[in-house]
Amino acid sequence: MRQSSISKKVYIPLIILSLIGLLAVSFTTYISIQKVEKDVYTNEKESLSVYVKNQLDSKYDVALTNAITIASNYYVVESLTQNDRAIAAKGLKEITKTFKEHTDFKNVQIHIHTKEIKSFLREWMPEKFGDDLSSFRHTIKKVKESKLPLTAIEMGVAGMTLRGVAPIIKNQEYLGSVEIIQSFNSIVSSAKKDLGASVVFLTDKKQLDLSATAKDALLAKDTALSQKKDITDMKLFDEIKELNLQNEGTTFLTPTYFVVREELKAFDGSRVGEVLIGLKKSSIESIINEAQHGMVVQIMVMAVICII
């Protein structure tokens, strides 16, 4: 009887402590699992945002460096000096050939402007020239004012593109400017290859009247597709095209995708469009499940050790 009483005094508290321990472990496991899910989404958002930012920064560097170089090209300078477009056409033909054959930037376009901010030569569309750009090409106006190169995302006849603009100066006289124009297509392709992510660049609809290709644009609710359709994940586009994206925040979910949203700004800080970076939810859920499973195993092992 005495032994039974002692056993109760010893084992009952142990059982109670064990139950409390198991409840504590269960609660900790639940909290940890919830935190894993939140952390995975946070990390994926950061990873996708940084990737696209780095890709854009690389394009900015290419645009700026090459605009500065081409601004001092003999054929470009002489063409403006002599008001002879044929001279520039000859020089730019070789430059664009070099881009296509020896770099990853196959679709670079070059545009020369006069000091009156009129189109002098579009190397990809030489028959269109002489149009006044001063009312909407604010980057060119800024370069004329400052005599300094700059980069920006801006809408123009070629659509919403990334541009590097540099002044063309001879003997301290401002002759005009030249710009390197790059599309976003290489970023879309690289993200798919490197991350398995779908990237969609969108321009605001209100900008479309500035573009020669606006009539062919695929339209969403308040935006339009600003990249080639054949490299676009049309499933993602179809899932976002009826959404009011500016109300969605920096991340949101569609039926199929986890989407990170970044606004695109012009050099003066005004909005020109946005970029969406999407990962399939199934891919993220696999990462979450794997991380949660590993955490549960660790916690249970610790619980068993503590009980023993």
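**Exercises on side-chain contacts**

E274 counts as buried, at 0% relative accessibility (buried is under 20% relative accessible area, exposed over 50% and partly exposed in between, with a 1.4 Å probe and protein chains only). The structure is a predicted model, in which local features need pLDDT of at least 70 and side-chain atom pairs count only at pLDDT 80 or more, while totals for chains, interfaces and linings use all residues. Residues are numbered from 1 along each chain as its sequence is written, and side-chain values use heavy atoms, with hydrogens and water left out.

**Exercise 1.** State how many salt bridges a search of the whole structure finds, and examine R137 with E154 and R163 with E179.

*Solution.* 
- Step 1: In one of them, the side chains of R137 and E154 meet at 2.7 Å, N to O.
- Step 2: R137 belongs to the loop between β2 (119–122) and α4 (138–146), and E154 to strand β3 (residues 150–156), so the pair ties together parts 17 residues apart in sequence (helices, H or I of at least four residues, and strands, E of at least two, are DSSP runs numbered from the N terminus).
- Step 3: Both R137 and E154 are buried.
- Step 4: Between E179 and R163, the closest N and O atoms are 3.3 Å apart in a salt bridge.
- Step 5: This pair links distant parts of the chain, with E179 in strand β5 (residues 173–182) and R163 in strand β4 (residues 159–170), 16 residues apart.
- Step 6: E179 and R163 are both buried.

**Exercise 2.** State how many aromatic pairs a search of the whole structure finds, and describe the pair of Y41 and F258.

*Solution.* 
- Step 1: The search of the whole structure finds three aromatic pairs (rings of Phe, Tyr and Trp, for Trp its six-membered ring, pair if their centres lie within 6.5 Å; planes under 30 degrees apart are stacked, over 60 edge-to-face and the rest tilted).
- Step 2: Y41 and F258 are edge-to-face, 4.9 Å centre to centre with 65° between the planes.
- Step 3: The pair joins distant parts of the chain, Y41 in helix α1 (residues 2–71) and F258 in strand β9 (residues 257–265), 217 residues apart.
- Step 4: Y41 is buried at 18% relative accessible area, and F258 is buried at 4%.

Methods. A salt bridge is a side-chain nitrogen of Lys or Arg within 4 Å of a carboxyl oxygen of Asp or Glu.
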